[in-house]
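Me: I would like to learn how to read the features of a model like this one. Please take them one at a time.

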Amino acid sequence: MANLSDTLGTFMQNMMSQSGENRVGNVLKDLQANLGNMVNSQGGASGILANVMDKAKSTLGSAAQNPVQAAGLGAVLGSLLGGGSSSVSGAVKGGAMALLAGVAYKAFTEAGKGPAVAQAGAPQFTGGAVPVGMKTPETPAEAQILANNAELIMRGMINAAKADGEVSAEEIMRIVGKLKEAGMDGDAEAWIMKELRQPLDLDAFVAQIPNQEAAAQIYAASLLAIEVDTPQEQAYLADLAKKTGLDAAVVANIQQTLGVKV
C-alpha cells in the first residue's frame, strides 16, 4: 500500500468542493494572522507549516493580503499543498497535513483545550507541544502517526462526499481520472476507488479515529470536501462532531478558520 501521507495533497486538491479553494485561502489568512504566537509560546518551531506560510506569502503577497482575493489561488494550490511526486515544482512536501494540523492546533488552543492550558483531559498532541504534521516526523512512530492520519483524513473526505447520497459511478470515474492525471500511483488509486464504492458507515469510521486531534483534522478536511449546502451534509457534520466528541468551541473555531458556518 502506498504511503497516503505522500499523496494527501493531490487527493485534497481533486476532492475539494467548488468552495474549497476559497476555504484554503481563509485558512492561510487565519493561520498567518494567529498561529505564529501560539507555536512560539510553546518553545517550538512550526517546521513544515512555517514553510507553507512562507510560500503562501511569496506566492500570494504579504501576510496582510487576503488569499481569497488573490488572483490565481487555484493555480498555486499544488505548490502550497505539496501532494505527490507530480506536484508543482518547489511544492512544500507535507503541506496538506501541515495546514490541517495547524487548523486543529489553533482550534484546541484558542478553545482552551490545548497544551497551552494545563487542565485535566487536555488533548495530548502528537510529537509534543507542536503536533506531528506541523513539523517533520522525528521517529518511526511519528511517521506512522502521520500516515495513519492521512488515511483517516482521506476517508473522512470521501465519507463527507457520500453524506447526501452514494457517489455515482460517473463521479468516481471523474475523481479517479483527475487523480491519474495528477500522477496518483496505482496502489493509491485502487484504495481510493474501493473507498468511494463502499457505503457510508459513520459509526465504523469514528471507531477508527484514535483521538480528538485526528478528529479535528478530519472535520476540517470534511469542510473542504463539501459545500455544506444541504440538510444531509449539515446533519453529517453534526453527527461527525458529536460522535467524535469534539468540543463545541473547537468545532466553531474550525468553522471560523475555514470561513464556513454550519
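Reply: Start with helix length: the expected span of a helix is 1.5 Å times one less than its number of residues. This is a predicted model, and in it helix H8 (residues 186-197) has 12 residues and reaches 17 Å from first C-alpha to last, close to the expected 16 Å.

Me: Which residues of H8 are buried?

Reply: Buried means under 20% relative accessible area. In H8 the buried residues are Ala 188, Glu 189, Trp 191, Ile 192, Met 193, Glu 195 and Leu 196. Their cover includes helix H1 (8-15), helix H6 (140-161) and helix H7 (169-181).

Me: How do the axes of H1 and H6 cross?

Reply: Angles under 35 degrees count as roughly parallel. The axes of H1 and H6 come within 10 Å and cross at roughly 10 degrees, so H1 is roughly parallel to H6. On the H1 side the contact is made by Leu 8, Phe 11, Met 12 and Met 15; H6 contributes Ala 150, Ile 153, Met 154, Met 157, Ile 158 and Ala 161. By class, this contact of H1 with H6 has 10 nonpolar residues, no polar ones and no charged ones.

Me: What is in the largest nonpolar core?

Reply: In soluble globular proteins, nonpolar side chains tend to be buried together. Here the largest nonpolar core has 79 residues, and Leu 99 and Ile 254 have the most contacts inside it. Helix H5 (residues 95-110) gives the most to this core, with 11 residues. Leaving aside neighbours within four places in sequence, Ile 254 is in contact with Val 103, Ala 107, Ala 216, Tyr 219, Ala 220 and Leu 223.

Me: Is Leu 35 buried or exposed?

Reply: Leu 35 has a relative accessible area of 4%, and the cut-off for buried is under 20%, so Leu 35 is buried. Leu 35 lies in helix H2 (residues 20-41). Not counting residues up to four places away in sequence, Leu 35 touches Asp 30, Leu 49, Gly 102, Tyr 105, Lys 106 and Met 134. Leu 35 and Lys 106 are 71 residues apart in sequence, yet 6.4 Å apart in space, C-alpha to C-alpha.

Me: How many helices and strands are there in the protein?

Reply: The protein has 12 helices and zero strands. Of its 262 residues, 53% count as buried. Among contacts with a separation of 6 or more, 77% are between residues 24 or more positions apart.

Note on methods: Residues numbered from 1 in each chain as written. Predicted model: local features only at pLDDT ≥ 70, side-chain atom pairs only at ≥ 80, totals over all residues. Heavy atoms only, no water. Core = buried A, V, L, I, M, F, W, Y, C linked by side-chain atoms within 4.5 Å. Buried < 20%, exposed > 50% of the residue type's maximum accessible area, 1.4 Å probe, protein only. Helix = DSSP H or I, 4+ residues; strand = E, 2+ residues; numbered from the N terminus. Contact = heavy atoms within 4.5 Å. Axes fitted to C-alpha atoms, helices over the stretch in contact; angles between N-to-C directions. Parallel < 35°, antiparallel > 145°, perpendicular 65-115°, else oblique. Nonpolar A, V, L, I, M, F, W, Y, C, P; charged D, E, K, R; others polar.
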